[in-house]
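Student: Hi! Could you walk me through this model, starting with how its elements are named?

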Amino acid sequence: MAKINRNYLKLPGSYLFSTIGKKVREYSASHPEAKIIRLGIGDVTQPLAPAVITALHSAVEEMGNAETFRGYAPDLGYDFLRNAIAENDYRSRGCEISPDEIFVSDGAKCDCGNIQEIFGTDNTIAVCDPVYPVYVDSNVMAGRTGEYDSDTGRFRNVIYLPCTAENGFAPELPEEVPDLIYLCFPNNPTGAVITKDKLQCWVDYANEHGSVILYDAAYEAYISEKEVPHSIYECEGAETCAIEFRSFSKTAGFTGLRLGFTVIPRELTVEGVSLHSLWARRHGTKYNGAPYIVQKAGEAVYSEEGQRQVRSQIAYYMENARIIAEGLKEAGYEASGGINAPYIWLRTPGSMTSWEFFDHLLENAHVVGTPGSGFGPHGEHFFRLTAFGSRENTVEAMERIAAM
Ligand code: PLP
């Protein structure tokens with residue numbers, strides 16, 4: 001008789017976004033006149049850059065021609081894209097990452113979720129609290145986290161790293177040493193960043209204890225401050241302890257096109273085994289490569305024109321972020337983020353819980369955001385707004401919040 005993977009039954013329901021959807025639908029049904037503005041979404045709204053569209057068209061033409069048609073892509077990515085990534089994202093910043101240390105994929109979510117497969121199920125994991133849920137859930141599915149404790153909202157065998165206003169939403173090194181450490185900067189949901197010195201402490205800690213850092217830099221393109229590291233490989237010794245994930249989703253609006261990559265340096269070994277070779281084996285077995293036309297579109301992002309265009313889209317979102325952050329502060333809220341990330345993290349007023357504030361905002365301003373408690377217990381009494389809306393909606397939402 002077939003058996004299921006019972007670890008899946010330990011997953012708490014995807015309560016957050018389904019509850020938000022249900023509440024908004026109910027409110028709209030009872031208040032059909034309300035024009036609801038959604039600042040809860042983590043998806044981009046601007047169309048693809050013209051340079052990307054041109055590259056897509058020409059790659060489509062190639063696919064329709066016998067001489068230029070391409071079948072299966074190389075498992076690990078086309079050289080033209082791996083070279084462009086190594087040069088533009090790493091070498092130009094002084095990081096010695098070579099093209100063959102880059103694994104092209106269809107996005108960071110898959111890579112962040114799948115990477116745990118190359119580690120034993122007896123590894124302990126540490127995650128930030130609050131956290132992007134994929135890191136924990138993918139480890140739950142693999143049976144690495146123990147049981148869920150609904151009283152605390154935590155899994156028993158996971159080390160949670162509190163990210164609070166006191167530590168600037170960048171966690172302290174844990175006393176109990178984890179085997180795998182998930183870090184994400186610029187952070188979703190808090191919009192916080194980590195300084196290079198502090199990140200260097202994590203790298204030193206991981207090297208000293210034989211831990212591996214899984215560094216999610218999906219929002220790297222939003223960094224505006226010079227002292228904030230774009231890559232963990234800017235830290236000395238990161239090649240022997242860190243894997244980095246990147247995405248074209250928020251960098252260039254590829255959420256629907258799908259493209260990302262993972263960097264695993266050849267020097268990174270665990271128990272004497274190269275993680276690069278394990279991930280190459282995994283990729284080769286379970287993945288048949290990102291589509292040629294999408295990789296050509298990704299290459300176009302690195303062209304001079306492509307860079308200019310995607311930077312101007314990012315500037316558009318970051319102007320929204322500025323409007324939100326400043327609007328909140330003027331209205332008397334305590335808010336952070338929005339400087340190096342498209343997320344603004346605000347403290348709910350008085351003693352309101354995250355969900356109470358969600359209802360309050362929906363009913364009084366017709367604005368939808370995301371309750372911080374949905375990202376972990378330390379997100380309670382916080383709330384996330386995103387800068388991915390249109391300018392018009394962002395401005396109107398802030399006027400309504402100010403009036404509220
Ligand atoms: N990592 C973080 C922290 C994210 O917030 C997201 C998307 O919201 C992803 C990864 C997923 O990126 P992709 O679209 O490349 O799968």
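This is a predicted model: local features need pLDDT of at least 70, side-chain atom pairs count only at pLDDT 80 or more; totals for chains, interfaces and linings use all residues.

Student: Good. Where does Pro186 sit, then?

Tutor: Pro186 is in the loop between strand 7 (180-184) and helix 6 (196-209). Its peptide bond with Phe185 is cis, with omega about -10 degrees.

Student: And which bond is cis at Pro130?

Tutor: The one from Asp129 to Pro130, where omega is near 5 degrees. Pro130 belongs to the loop between strand 3 (125-129) and helix 5 (134-141). As background, most peptide bonds are trans.

Student: What about phi at Phe169, positive or negative?

Tutor: Positive, at about 60 degrees, although Phe169 is not a glycine. You'll find Phe169 in the loop between strand 6 (158-162) and strand 7. In general, most residues other than glycine have a negative phi.

Student: Which residues come nearest to the ligand?

Tutor: Of the 14 residues around the ligand, the nearest are Ala108, Asp216, Tyr219, Ser247 and Ser249.

Student: How does that shell divide into nonpolar, polar and charged?

Tutor: Six residues of the shell are nonpolar, four are polar and four are charged.

Student: I'd like some polar distances to check. What lies 2.8 Å from a ligand oxygen?

Tutor: That is a polar side-chain atom of Asn188. For Lys250, a polar side-chain atom lies 3.0 Å from an oxygen atom of the ligand. Arg258 has a side-chain N or O atom 2.7 Å from a ligand oxygen.

Student: How much of the ligand does the protein bury?

Tutor: The protein buries 91% of the 400 Å² that the ligand exposes when taken alone.

Student: Last topic, helix 10. How many residues does it have, and how far does it reach?

Tutor: Helix 10 (residues 304-330) has 27 residues and reaches 38 Å from its first C-alpha to its last. That is close to the 39 Å expected at 1.5 Å a residue.

Student: And what follows helix 10?

Tutor: Gly332 follows helix 10, and its phi is positive, near 95 degrees.

Note on methods. Residues are numbered from 1 along each chain as its sequence is written. Side-chain values use heavy atoms; hydrogens and water are left out. Helices (H or I, at least four residues) and strands (E, at least two) are DSSP runs, numbered from the N terminus. The expected span of a helix is 1.5 Å times one less than its number of residues. A residue is near a molecule or strand if one of its heavy atoms lies within 4 Å of it. A polar contact is a pair of N or O atoms within 3.5 Å; within protein, one must be able to donate a hydrogen and the other to accept it, and residues adjacent in sequence count only if both atoms are side-chain atoms. Accessible areas come from the Shrake-Rupley method with a 1.4 Å probe; for residues, only the protein chains shown count as cover. Ala, Val, Leu, Ile, Met, Phe, Trp, Tyr, Cys and Pro count as nonpolar, Asp, Glu, Lys and Arg as charged, and the others, Gly among them, as polar.
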